[in-house]
Amino acid sequence: MSRRFCIGLTGGIGSGKSTVAEMFALLGVPIIDTDVIARELTQAGGAALPAIRKEFGDTVIESSGAMDRVRMRAHILSDTMARSRLEAILHPMIQAEAKRRLEALSGAGYAILVVPLLVELGTYRGMVDRVLVVDCEEAMQLARACRRDGRDEAEVRAVMAWQVSRQDRLAQADDVLNNTGDLAALRAAIGELHRKYQKMAGQAAENIA
Ligand code: ADP
């Protein structure tokens, strides 16, 4: 069985990935979100917990058995080696699960795979047919992410510093969603892309048949 036509959705922190994914979902498009998978893997009983406990000890595990996200975030913000160690545990598990979910989708049409670090990691390129970048100015990303998370500017800037530059991300894009306008403008642009992707998915299916 051939896998679904797949759009890789990415963008910097606060650019609007979750908002965009929700709008596609309302159009009936299946969404596989690597952030959601990461949360599932690190919740109580999650598959990544034993390896995380072994690597970092009990101090990053809450009494519920879930990973303490606040502690872990503070830990990896101050220690880049710790961040690499966490990523070495999580990234392969997240990608394997994303692949499983994509292959489990039945029916026609296309799917969206949300990968915040799609450009940084590179390993997802082979899983997606096109890269869709959600884009806005960095000042806007910063303001939106701070407002959403109640985090201070320095913390969001630190996350932005890990991520590729806006320019490098845009250089990898097949399609760009400009998210500098209001939500109605975003919805309209998504409607247009949806029609284009449906057509492309149909053509891809015909080519395989
Ligand atoms: P990401 O998933 O890329 O980090 P989000 O989709 O969570 O970004 O968007 C960041 C914040 O900005 C959210 O609170 C969201 O509701 C808000 N937001 C996103 N796009 C717009 C927009 N076009 N207009 C106003 N607010 C927006």
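1. In this predicted model, a polar side-chain atom of Thr-19 lies 2.6 Å from an oxygen atom of the ligand. Ser-18 also brings a polar side-chain atom to 2.7 Å from a ligand oxygen, and a polar side-chain atom of Arg-148 is likewise placed 2.7 Å from an oxygen atom of the ligand. Of the 560 Å² of accessible area that the ligand has on its own, the protein covers 78%.

2. The shell around the ligand holds 14 residues, of which Lys-17, Ser-18, Thr-19, Arg-148 and Asn-179 come nearest. Sorted by class, this shell is made up of eight polar, four charged and two nonpolar residues.

3. Where in the fold does the shell come from? Helices α1 (17-26) and α7 (138-149) each supply at least two of its residues, and α1 gives the largest share, namely three residues. As for the site itself, the ligand sits in the largest pocket.

4. The largest cavity contains about 40 Å³ of space, and β4 (130-135) and α9 (166-171) are the elements that give two or more residues to its lining.

5. Among the residues that line the largest cavity are Val-133, Val-134 and Asp-135, together with Arg-166, Arg-169 and Leu-170. Gly-11, Gly-12, Ser-15, Cys-136 and Gln-141 also belong to this lining, which divides into four nonpolar, four polar and three charged residues.

How values were computed
Residues are numbered from 1 along each chain as its sequence is written. This is a predicted model: local features need pLDDT of at least 70, side-chain atom pairs count only at pLDDT 80 or more; totals for chains, interfaces and linings use all residues. Side-chain values use heavy atoms; hydrogens and water are left out. A residue is near a molecule or strand if one of its heavy atoms lies within 4 Å of it. A polar contact is a pair of N or O atoms within 3.5 Å; within protein, one must be able to donate a hydrogen and the other to accept it, and residues adjacent in sequence count only if both atoms are side-chain atoms. Accessible areas come from the Shrake-Rupley method with a 1.4 Å probe; for residues, only the protein chains shown count as cover. On a 1 Å grid over the protein atoms alone, a cavity is a set of points where a 1.4 Å probe fits but cannot get out, and a pocket is an open set with protein on both sides within 12 Å along at least five of seven lines; lining residues have an atom within 4 Å of a point. A molecule sits in a cavity or pocket if more than half of its atoms lie within 2 Å of its grid points. Helices (H or I, at least four residues) and strands (E, at least two) are DSSP runs, numbered from the N terminus. Ala, Val, Leu, Ile, Met, Phe, Trp, Tyr, Cys and Pro count as nonpolar, Asp, Glu, Lys and Arg as charged, and the others, Gly among them, as polar. Grid points are joined across faces, edges and corners, and a volume is the space filled by probe spheres set on the points.
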